[in-house]
Amino acid sequence: MKKVFAVALGILTAIGGFVDIGDLVTNAQVGARFGLSMAWVVGVGVLGICVFAEMSGRVAAVSGRATFDLVRERLGPRLGLLNLAASMLITFLTFVAEIGGVALSLQLVASVHVLLIVPLVGLLVWLLLWRARFSAIENVLGLLGLALVVFAVGVWQLGPDWSALAHQAAAVQKPADEHWRTFAYYAVALFGAAMTPYEVFFFSSGGVEEGWTTKDIATMRANVFIGFPLGGVLSLAIAASAWLVLGPMEISVDSLGQVGLPVAAALGKVGLAIAILGFVAATFGAACETGLSVGYSVAQYFGAQWGKYVRPGEAAVFHLIVLLSTLFATAFLMTAVDPILVTEVSVVFSAVALPLTYFPILVVANDPDYMGEHANGHLANTLGSVYLVIIGIAAVAAIPLMIWTRMGQ
Amino acid sequence: MSDEQPRTRENRLTGPIDGALHLLDRQLIDSEGKLLGKVDDVELGSDSDGVSITALLTGPAALLSRLGGRLGSTLVERWGQLRVSEPHRTRPWRIDIDDVERLDSAVHLAVPRDGVLRRDRDGHRLGRLTGMDVLGPDGVWVGRVLDARFEPGAGGRLVLCSLIVGHGRPGSLLGYDRRSDQGPWVVRSLVRWLHRHTVIVDVDEAAISWAETTVTLRAVPHERPGHPFEKV
């Protein structure tokens, strides 16, 4: 019974934790402009994150080593350092976007200027990372993030023509007024948002925090292969609701309020309130995950003590990095930069950095000296190799597309 | 935490290891399961039995010099300049190999981490051996030292037995040259093709010149490396 509860809790937090500011904004933008014609990108992205999260989780369970340990070990100090700099830049940008996302969500309720909320959010995130237990952060915010299910309810309440939606998704029916190059740009952005590297930094480090052993591999797989796809369904619901409400009015999404607009149209005030709760929980949870990921990765590269399973005083370097990155992220937002713009940039650069993270994981997950009988099988390797190619293409295409389409205009 | 769970991996210190692949850049964990750094370099000592591993080196001074070439030595110099009043700042911290208990996916120490580090003595470093230019008997460039293989010798010391020589950088082998079945196929094929000139050289056939950072061979090598763990 306890086991069933643990698996269910893991799946629920994986659903709630899957969606972050990048998924919210990108799915709503794509939904409003392209409808469900990019549903296949979400599918490809979700399968990809499942494949690599499972690999990194398995490595963590078998060897007790988290992702950046593997990066340093296989790529050496030099390439590892370059990788660290690039990955941390992107994770930091995502961290900024998430804190900004929390502030924007709270602004929808409080109507106070967002710059007055940002410092408060920064302080709260840091206090939580410093004082709260790891499981508390993960479970409470993950479960509250489930409030985003209101988007699925909203789509159902809007009573769309289901067969038309399904046809649009299956036939990749791009609206005629959109160009293929903007389609490609948003496809890369959506893929980057689904496969953001911090998710595996956090997932594998979290596995080490919770002391996973080979016995936990089955539970971990259930979380990944049920939770993440259901999180992907939530992403699709956000896109579908945006298409149904914003699409006909030709509204393009450039604020968080517009992401929630379809729910308000479908379910009224209560629906919007639940959606905002979901926004706060999802972005707050992701802010904690990205903040921890910065600390995890830097500490893992240098070998310093990291993690919340020891008292903060015993992992001083780790907590110092978390404190400094929270301070810098807050300061960055106080320059009045638009968090939505930071989000858009962070998902595209995530796509560029994908191979840096996923290549070392694939190599180590195959090393029998490391993994013994738990090394990758044929299925994981076939998928891993296919995704290595897809990730490579997305990484190369991301920046040229960004310039060519002027960020999707 | 990781070290409390039952490990299926054997202790590598009792068998042959490849220094760069199995030892460099591994996590250091103390007797209480606390983390204290990475194996930033490995100290090698030579005596009548040959070259053997005497200590693990850690800390910025060791890490920075491994960033390579002129950049590495400049950064070590700058690291010293940050606090000139501190003696031996550019010398890395060392942990004697006798304090190491076990090697698997990490290096486990037999002692707690508090105050375990000592300053480096004058010793050679594995991070300098890997990357050395290798010359044939006629002085022709053969390649670089990509990895160094050690075997347990007299007194339990890990003694240098052979060098893996090839084109490219140390670490770029990713372990793929050593085992025929390691997947995925795409990566294995690519790495093996890039390293098609890689050979293994017995240390008795090689003269290591630490001063000139070159290795001179007595015969042109042909033997391909095989994995030390692979049961033949």
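How many residue pairs are in polar contact between chain B and chain A? In this predicted model, the count is 14 residue pairs, both residues of each at pLDDT 80 or more.

**Figure 1. The interface of chain B and chain A.** The contact is made by 42 residues from chain A and 39 residues from chain B. Together the two chains bury about 3,300 Å², with 52% of that area on carbon and sulfur atoms. Five salt bridges are found across this interface, and 14 residue pairs are in polar contact.

**Figure 2. The side of chain B that touches chain A.** Two or more residues each come from H1, S2, strand S3 (35–38), H2 and helix H5 (185–194) of chain B. S3(B) gives the largest share, four residues. By residue type, this side of chain B divides into 16 nonpolar, 12 charged and 11 polar residues.

**Figure 3. The salt bridge between Asp25(B) and Arg72(A).** The two side chains meet at 2.7 Å, N to O. Asp25(B) lies in the loop between helix H1 (19–23) and strand S2 (27–29) of chain B, and Arg72(A) lies in helix H4 (residues 67–110) of chain A, so the pair joins two chains. Both Asp25(B) and Arg72(A) are buried. Side chains of opposite charge can pair when their charged atoms come close.

Figure 4. Arg66(B) counts as buried because its relative accessibility is 16%, under the 20% limit. Asp25(B) has a relative accessibility of 3% and therefore counts as buried. Through shared partners, salt bridges join Arg72(A), Asp25(B), Asp40(B) and Arg66(B) into one network.

**Figure 5. The salt bridge between Arg149(B) and Asp18(B).** The closest N and O atoms of Arg149(B) and Asp18(B) are 2.6 Å apart. Arg149(B) belongs to strand S12 (residues 141–152) of chain B and Asp18(B) to strand S1 (residues 17–18) of chain B, so the pair ties together parts that are 131 residues apart in sequence. Both Arg149(B) and Asp18(B) are buried. Over all chains, a search of the whole structure finds 23 salt bridges.

Terms used
Residues are numbered from 1 along each chain as its sequence is written. Chains are lettered from A and ligands numbered from 1 in the order in which they are written. This is a predicted model: local features need pLDDT of at least 70, side-chain atom pairs count only at pLDDT 80 or more; totals for chains, interfaces and linings use all residues. Side-chain values use heavy atoms; hydrogens and water are left out. A salt bridge is a side-chain nitrogen of Lys or Arg within 4 Å of a carboxyl oxygen of Asp or Glu. Buried means under 20% relative accessible area, exposed over 50%, partly exposed in between (1.4 Å probe, protein chains only). Contact means heavy atoms within 4.5 Å. Buried area is the accessible area (1.4 Å probe) that two parts lose on being put together, summed over both. A polar contact is a pair of N or O atoms within 3.5 Å; within protein, one must be able to donate a hydrogen and the other to accept it, and residues adjacent in sequence count only if both atoms are side-chain atoms. Ala, Val, Leu, Ile, Met, Phe, Trp, Tyr, Cys and Pro count as nonpolar, Asp, Glu, Lys and Arg as charged, and the others, Gly among them, as polar.
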